[in-house]
Amino acid sequence: MMERLVSISRPVANALCSQCVRNSPNLIFQRSVHKVAREPFLNASSSNYIDEMYEQWSKDPHSVHKSWDLYFKNQVYQRPPTLGFAPPSPALTQYYQMTGFLPSGQQKQEQSTQLQPLDETSTTQGLSLNKRAITDHMAVQALVRSYQMRGHKLAQLDPLGINTADLDSERPNDLTPKFYSFSEADLDRKFSVPPNTFIGGNEKVLTLRELITRLENVYCQTIGLEYMYINSYEKCNWIRHRFEDPSLKKLTVDEIERSVKRLIRASKFEEYLSKKWSSEKRFGLEGCEVLIPAMKIVIDVASGKGVDTIIMGMPHRGRLNVLANVTRKPLEEIFCQFDPKLEPSDVSIDNTYIIGTGDVKYHLGTCIERVNRATNTMVKLSVVANPSHLEAVDPVVQGKTRAEQFYRNDKEGDKVMSMILHGDAAFAGQGVVYETFHLSDLPAYTTHGTIHIICNNQIGFTTDPRMARSSPYCTDVARVVNAPIFHVNADDVDAVLHVAKVAAEWRCTFKKDVVIDLVCYRRHGHNEMDEPMFTQPFMYKKIKKQAHVLDKWSQKLISEGAIKKEWYEAEEAKYQKILDDAFQNSKSPAYAKDKNWLDSPWKGFFTGKGPFPYPETGIPEDTINTILTKAHELPDGFTLHKGLKRVFNNRAKLLSERTVDWALGESLGVGSVLLDGHHVRLSGQDVERGTFSHRHHVLHDQEKDLVFHVPLNYLSSTQGHYTICNSSLSEFAALGFELGYSTTNPNSLVIWEAQFGDFINNAQCIIDQFISSGQAKWVRQSGIVLLLPHGYEGQGPEHSSARLERFLQMADEDEDSVPQLQSGKHLHHNDLSMYQLDETNWIVAHLTTPANYFHILRRQLALPFRKPLIMMSPKSLLRLEEAHSSFDEMLPGTKFKRIYPEEGVAAENPENVEKIIFCSGKTYYDLVKERAQNKLESKIAIVRIEQLCPFPFDLIQDELEKYKKAKICFAQEEHKNMGPYTYCKPRLACLLRSINDQREGDIKYAGRESAASTATGIKSSHYTEQKLYMQTAMAL
């Protein structure tokens, strides 16, 4: 397709580019660079294309792109007086009359078919039009648009007056009258207020001077607005109205008094902590105390519009203040965290005791339900615990919010909302922010809009923003999802409150993300013990002289008569007494309970007293047949892919033989949980089909676009809902999202699958900081399941290993101690395996049968507690005939097998066995095949360890005592410095020592040699390694 090249003048390009270029890819605007007189607006030689579009639109508005329709409909374009093709529209005629171009009452004449010569006062269709007047009014419209687009570049956002928030001090040329050829004399000329602005209020005509003054007041003072890139005229107009109409900025008396009280609390709280614990790190909010009234007014507005649950995430700076003055967590519980004698305590949650190691106070979360006084409604406020990895909590908050919305059937986000706080350096610098934004509009991930608030200290630890980001603003990442960005000087409290109100209204109106950039400063260093003068001497000299925002605002209000000095001083004294009383009360041990810091309490879950038996997870055969039959039924008229027809036929054959492969075992596990009434969510990259084309839980009609069928949602009218969804190409944010989802309701099965297990290291932060240690730090359990495809099949170093060794290394089990049940101590358990599961930080499994996969999925919800399950899932086993299971292994009375002992010839004559091999996962089938080829079935016993963590000491002991004469070997296909060997060897040795077995010092290894890379990328090398491994394993 040919591209149309149009050269237009600069102001008109500014006026057109946002609305037209984005949606008209074949239109290229070329800005003139010739050093000659600026060409007139829309002269006949340079605007043929636009005129053609206008001509087409005037005949049929639907014949042009929507962007052109909006452009012409809203009178942005006026035809040049040289072109006499058609009379102006009635609206344009009215506009001409209002602006003086056309005398009121002048009648239109017959349409002319001839081009008329243009002079200073020419006639078009008999209408007397002044060329200069048209040009100037178009220039005024372009000037207004330039302020709307770039006025933020002149906004006075830095409270210290040092920096510009966008790191650029140059004034854009198009924000000067001279750019539009206006002289000083023109400033007092009157112009009609253009239709693309609300700046005039009720006034239709303003002088150019007044117009510019009002634009400067709106766009270039203490608020900087970025929104003109949003590709919706309605949304842009909505924002324009909220900020350009001066009547909408006024605060009520109640709002002012409430905000003063909130700012008193925010400021005096920090002062109190500073006096009482001057040498303690607390990451205070000094310099951005206005955050508290800003957050509170967001909550006021949102709750007034029906929101009753707000999930919040934030970094450590200001967290204690938010807990104290936003959620209104009892001050006693906060103050007791400063006690140096505070010890970890057994936490009783519904009679279940959980012992944690705790976390520093500025990482902790909470969940509080309280009355919001502004609206007199109950609001649940949850602050999610977060490590020092500042933005890691973002997707966790979104997942938790989405789950809350799901369980409450809040399909539009009318009841549940998320609000996330950020630091400027982290928001610009950490990739998970970008990943999380890209989940915001995905159907299975959207939370229907998040309010982001950035505490923009204008510094990252010690790093100047000019060295920390390449983008003009720290907020620029939000532009990728068309989120409006409101920059505001944090020392102008009135402006902050207005921005916060508009942001809350935006989210509740459009259900889209919005960003508030609170440009502030950090009164201390990175923490209260840090010396910032080493690296920012100029900034901190200014900060030392900077008056506190509470003092400035209160003095302003008192001088204006908005509040009385006596009232203000009484409020200060009232809060001081609250602080003093709470300090005295905090010395009581009643407040030193970790359960007070739960961010996701599960009411009514931990109700059993035990002892808890090991759960049986089998189901009746009728249920098996029902699930697996319905899982392959199609609606009438649905066209299935012919390849899937073969797959379904093969599955039907397996069912007739009472056998399941891996895919059927998974469908049976998921389907049975659904029939129990539980919700199941399975997500990840390409999970609907499955990376290896094995799952096919979402079927697509081959004849109709976007017509699909999820059979597992049609098992029963009383079943739970099955959500299966492909994620964006993200691990960090996607896994964090599912973790947050899993913490909301313990009675749901939440599964995240990696495309290949190798890619899990992209989400290592979520694994290290949240999943493996979440319960120990924050007394927060999660039953999330991670499916990580793992196995050495010659696919190279990025498609072989899920780094099983890392998960085992992070297990909190002691390799030098064999666990024992002690009467009187472990009241909840009389089964060692249940005790181990309760004590561990997570479960790590490497399975070999679909039956065991079925059982372990069901066991996740059958346990009276929740633990993350890390599973090395198979690749080649998905289609290995030997890796099939009989229905008999899944019937009532059956359960998950922690190990599969030797069941062949070797088990019949254990005294003749010369070698016992312990292994896990796919390599078992390689070992069995090699053993058969070497005719060593009676000489070598092979034991599969299905559950690696917690280590099945009791069952392994039985096998060791059974084969007392056999040499002991641990075999794995991974390299020696990887895989489960380094985890299992010391536990085997410990167990042997505990039973006085002399073999503890002679545990052999069979597998690949140590290596830096997880696997070779050369096929021949893979086969050579595999051959040597098998030879070593079979050597007697």
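## A strand pair at the sheet edge

I899 sits opposite I945 of β29. These two residues belong to a predicted model, in which local features need pLDDT of at least 70, side-chain atom pairs count only at pLDDT 80 or more, and totals for chains, interfaces and linings use all residues. Residues are numbered from 1 along each chain as its sequence is written, and side-chain values use heavy atoms, leaving out hydrogens and water.

β27 pairs with β29 (residues 940–945) in the antiparallel sense, over two bridges. Strands pair if DSSP finds at least two bridges between them. Strands (E, at least two residues) and helices (H or I, at least four) are DSSP runs, numbered from the N terminus.

## The sheet and its helices

The open sheet has five strands, in the order β27-β29-β28-β31-β32, with mixed pairing. Its edge strands, β27 (899–900) and β32 (1003–1008), each pair on one side only.

Helix α29 (residues 923–933) lies across β28 (915–919), β29 and β31 (967–975). It runs at about 170° to β29. Helix α30 also packs on the sheet, touching β27, β28, β29 and β31. Its direction makes about 160° with that of β28. Contact means heavy atoms within 4.5 Å. Angles run from 0 to 180 degrees between N-to-C directions, with axes fitted to C-alpha atoms, for helices over the stretch in contact.

## Backbone details in loops

A cis peptide bond, omega about 0°, joins C949 and P950. P950 is in the loop between β30 (947–949) and α30 (953–962).

V779 has a positive phi, near 55°, and is not glycine. Its loop links α24 (774–778) and β23 (785–789).
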